[in-house]
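My notes follow in the order in which I looked.

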Amino acid sequence: MKRLMFLILFVLMLTSCQKGKSASSESKSLIPRKDYAMLIVESQGCIYCKQLDKDLKTNQELIQTLKDMDVYRVLAESNAPVFIKLDGKEMTTTEDKLVDILGVRSYPHIIFYNKEGRVVLQVPGYVPPKTLTCVVNYVKAQEFEKKKLMDYLKEQRCI
């Protein structure tokens, strides 16, 4: 009986390890299909990350505004492989190394970038839904080429 239990446990452990290997060997693409992408860098146990996730799922205005933008997430503590284009160069790296490359030090951290991998805006920290909707519109309308974010947010009465 003990041998049978040991054999079952061994088989379960072996199959779970194999599933983990195959899932981690595939890179998640972070290259936008649309004009711009929003990359959310999260951390485990981050309460503001959880609030942002809730906002993205429940705030209808934010959901509508993000329909024209790709939304990606990476976890700062993850070593899962990702494929991204930064400054015109494609690379495969891991989520934690990407966080270092991007210089992220606070969570959540939102990064907007275009198809060529040019980062157009970084927003460290949690942003309420109304303000985040305005930030997304700022990027989509390419207002970052004309004015500073804070000026835009004041003009639009987002803050």
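Entry 1: I placed Ser78 in the loop between strand E3 (70-75) and E4, helices (H or I, at least four residues) and strands (E, at least two) being DSSP runs numbered from the N terminus. Leaving out residues up to four places away in sequence, I found that Ser78 touches Glu95 and Asp96, a contact meaning heavy atoms within 4.5 Å.

**Entry 2: what I am reading.** I note that this is a predicted model, in which local features need pLDDT of at least 70 and side-chain atom pairs count only at pLDDT 80 or more, while totals for chains, interfaces and linings use all residues. Residues are numbered from 1 along each chain as its sequence is written, and side-chain values use heavy atoms, with hydrogens and water left out.

**Entry 3: the overall count.** I listed 6 helices and 7 strands in the protein, which along the sequence follow the pattern α-β-β-α-α-β-β-β-α-β-β-α-α. Of the 159 residues, 41% count as buried. Among contacts with a separation of 6 or more, residues 24 or more positions apart account for 62%. The protein exposes about 9,900 Å², of which carbon and sulfur atoms supply 55%; the areas come from the Shrake-Rupley method with a 1.4 Å probe, and for residues only the protein chains shown count as cover.

**Entry 4: the sheet.** I then traced an open sheet of 3 strands, in the order E1-E4-E5 and with mixed pairing, two strands being paired if DSSP finds at least two bridges between them. Strand E1 (28-29) and E5 stand at its edges with a single partner strand each, so one side of each is left without a neighbour in the sheet. Strand E4 (residues 81-86) and strand E5 (residues 89-94) pair in the antiparallel sense over 6 bridges; in this pairing I found Val82 opposite Thr93 and Phe83 opposite Thr92. The two strands form a hairpin with 2 residues between them, and Asp87 in the turn has a positive phi of about 50°.

**Entry 5: the helix across the sheet.** Helix H4 (residues 95-102) lies across E1, E4 and E5 and runs at about 125° to E5, where axes are lines fitted to C-alpha atoms, for helices over the stretch in contact, and angles run from 0 to 180 degrees between N-to-C directions. Which residues of H4 are buried? I found Glu95, Leu98, Val99 and Leu102 to be buried. Seen down the axis of H4, these buried residues fall within an arc of 105°, so they line one face of the helix, the arc being that of the directions from the helix axis to the C-beta atoms. Lys97 and Asp100, on the other side of H4, are exposed. After H4 comes Gly103, with a positive phi near 70°.

**Entry 6: a valine in E3.** Val71 is found in strand E3 and is partly exposed, with a relative accessible area of 35%. I found that Val71 touches Met38, Ile40 and Leu66, again not counting residues up to four places away in sequence. Val71 and Ala37 are 34 residues apart in sequence, yet 5.7 Å apart in space, C-alpha to C-alpha.

**Entry 7: the disulfides.** How many disulfides does a search of the whole structure find? The search finds 2 disulfides, a disulfide being a pair of cysteine sulfur atoms within 2.5 Å. One joins Cys46 to Cys49, S to S 2.5 Å, and its torsion about the S-S bond is about 80°, so this disulfide is right-handed. Both Cys46 and Cys49 are buried.

Cys134 and Cys158 form a disulfide with their sulfur atoms 1.8 Å apart. Cys134 lies in helix H5 and Cys158 in the segment after helix H6 (149-155), so the pair ties together parts that are 24 residues apart in sequence. The torsion about the S-S bond of Cys134 and Cys158 is about -75°, so the disulfide is left-handed, and both cysteines are buried.

**Entry 8: a threonine in H5.** Last, I looked up Thr131, which lies in helix H5 (residues 129-140) and is buried, with a relative accessible area of 13%. Thr131 touches Leu153, Cys158 and Ile159, not counting residues up to four places away in sequence.

Conventions: Buried < 20%, exposed > 50% of the residue type's maximum accessible area, 1.4 Å probe, protein only.
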